[in-house]
Amino acid sequence: MKNSTSTTYALLLVIGDFLAILGAFVIAYVIRVSLSTAPFVAITARDYIELFLVLSPVWILVFAFLGLYSRDTYEWRWREYSRLFVGALIGTMAIITYEFATTEPIFPARIIPVYGLLIAFLLLVVERSILRQIRLVLRRYGWGIINTMIIGNGSQAKELVKSLKSEVNTGYRVVSIVSELEFRKFKGLHFRSIDTALAELPKIDVHMIVLTELSTDSAQNARVLAAAQENHCAFRYIPSQEGMISNSMEVELFQGMPIVAVHQTALTGWGKLAKRVADIIFSGLAFVVLSPFLLFIAMLIKFSDGGRAIFKQPRLTRFEGTINIYKFRTMKLEYCGITPEEAFEKMGKPELSAKYRKNGDHLKNDPRVTKVGKFLRSSSLDELPQLVNIFKGDISLVGPRALVPVELEGYAYKSLLLSVKSGLTGLAQISGRKDIPFEERRKLDLYYVQNWSFWLDMKIIYRTFIEVVLRNGAK
């Protein structure tokens, strides 16, 4: 590609990480040797620094293995920081293991690796934050911006143009659009014909071409790709099928021919096993620790109106299996076990049904909900009994929202959505679950199914904690 911004930035990260790690262990040495009177192994500062000049690349290799120099990682701050800590920990453990294996001491005292790890993580976060801010400043002056041509006639083209509106934040500038659609606020070059656009491509400073949908004319797709290659432009395309997401694909050999395999989900093999083990450990520990609190909530519900504290409802989970989800009862007894339409009809307010559905299955002051139930819902505490479901294996801690069967009737990607276990929390819940429509929530769930990773789960759990503490998005 003509623009080598990503490569340059990755190189700066490598240099910055190296200096941060080296600096961290030098500071750790100074703290232990100069500021403490306790005895230590005699290693001169010069020998120590020379040794770490040689050993510091170990962390860089670990960071590279964890993808810390990939755009997919450093563009997402929480993912970057979590991997930085894991990488710093692995690198430190590797050096400690090496010290045990060799006869020559590396650290003057055993506490130095601990100091080094903590200081290294802090310096790495500061260093990468500074580089990120420098990059934003340079973008304001037009440096490091990737000029992009977008080709497409569907809604995805408009969505992409809209999402790339801020070139300082995204690093992309849409300089040309090839589409039959209208883009009223777009001030760049707008071509109606692909052939015309490709003919003008050598005269336009374009670094990347994005095809938002493949044409039924394979020859046309080939012309766009060939033009991108001839003009040294990066080429990307968005699969036209919603069920085909890049992380669900891999290229393999089939009878001697390259073939693209599309998997239903990235959650397979060891990943699925590790996720189940984590679910058992987390739910078991959480249930034991929270048992007194759960008992208190159950008694509070019981004493408030004399009804049962736990509510069971059939929901869908993996492979369209039906399970009973446990929740603390938040509705009045007379409205439990019936549909919202039946409940509003029963209370003589049928007009609320349409309002409830139009508002994303939510009413600000739902008359079916008890006073205790309102607090439990706003704090998401009504979901806690699902720890039992997680431990049993009915659902997972993180996954698509467990829905009642009627909600997925007629949904085109129902089978794909249910290729993994439903979850207590998920992308929809941390993305403002009452503020986005049903279809958007299912798209988020679908993205999770096809792009699962350990780091994505960790991010969702962290964001869920923040949402619960701040009481955002609860119904």
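This is a predicted model: local features need pLDDT of at least 70, side-chain atom pairs count only at pLDDT 80 or more; totals for chains, interfaces and linings use all residues.
Phe85 belongs to helix H5 (residues 77–101) and Phe121 to helix H6 (residues 112–140), so the contact ties together parts that are 36 residues apart in sequence.

How accessible are the two partners? Phe85 has 36% relative accessibility and therefore counts as partly exposed. Phe121, with 24% relative accessibility, also counts as partly exposed, because that class covers the range between 20% and 50%. Elsewhere, Phe25, Tyr29, Tyr48, Phe52 and Trp59 come together in one aromatic cluster.

## The five-stranded sheet

Strands of a sheet pair through backbone hydrogen bonds, and they do so in either a parallel or an antiparallel manner. Here, five strands make up an open sheet with parallel pairing, arranged in the order S3-S2-S1-S4-S5. Its edges are strand S3 (189–191) and strand S5 (234–237), each of which pairs on one side only. On average, neighbouring strands of this sheet are turned by 25° against each other, direction ignored.

Within the sheet, strand S1 (residues 146–151) and strand S4 (residues 208–211) run parallel and are joined by four bridges. Which residue of S4 is the bridge partner of Thr148? That partner is Met208.

## A buried phenylalanine in a loop

The loop between strand S2 (172–178) and S3 contains Phe186. Is Phe186 buried or exposed? Its relative accessibility is 17%, so Phe186 counts as buried, the cut-off for that class being under 20%. Between Phe186 and Lys165 there are 9.5 Å in space, C-alpha to C-alpha, and the two are 21 residues apart in sequence.

Lys312 has Tyr326 in S9 as its bridge partner, and Pro314 has Asn324 in S9.

The two strands form a hairpin with five residues between them. In this hairpin, Phe319 takes a positive phi near 60°.

## The second largest pocket

The second largest pocket has a volume of about 1,000 Å³. Its lining consists of 36 residues, and those nearest its centre are Gln313, Arg315, Tyr356, Val404 and Glu407. Which elements give two or more residues to this lining? They are strand S8 (310–316), strand S9 (322–328), helix H13 (351–358), helix H17 (427–430) and helix H18 (438–450).

The largest share of the lining, five residues, comes from S8. By class, the residues around the second largest pocket comprise 16 charged, 15 nonpolar and five polar ones.

Methods: Residues are numbered from 1 along each chain as its sequence is written. Side-chain values use heavy atoms; hydrogens and water are left out. Two strands pair if DSSP finds at least two bridges between them. Axes are lines fitted to C-alpha atoms, for helices over the stretch in contact, and angles run from 0 to 180 degrees between N-to-C directions. On a 1 Å grid over the protein atoms alone, a cavity is a set of points where a 1.4 Å probe fits but cannot get out, and a pocket is an open set with protein on both sides within 12 Å along at least five of seven lines; lining residues have an atom within 4 Å of a point. Grid points are joined across faces, edges and corners, and a volume is the space filled by probe spheres set on the points. Ala, Val, Leu, Ile, Met, Phe, Trp, Tyr, Cys and Pro count as nonpolar, Asp, Glu, Lys and Arg as charged, and the others, Gly among them, as polar. Buried means under 20% relative accessible area, exposed over 50%, partly exposed in between (1.4 Å probe, protein chains only). Rings of Phe, Tyr and Trp (its six-membered ring) pair if their centres lie within 6.5 Å; planes under 30 degrees apart count as stacked, over 60 as edge-to-face and the rest as tilted.
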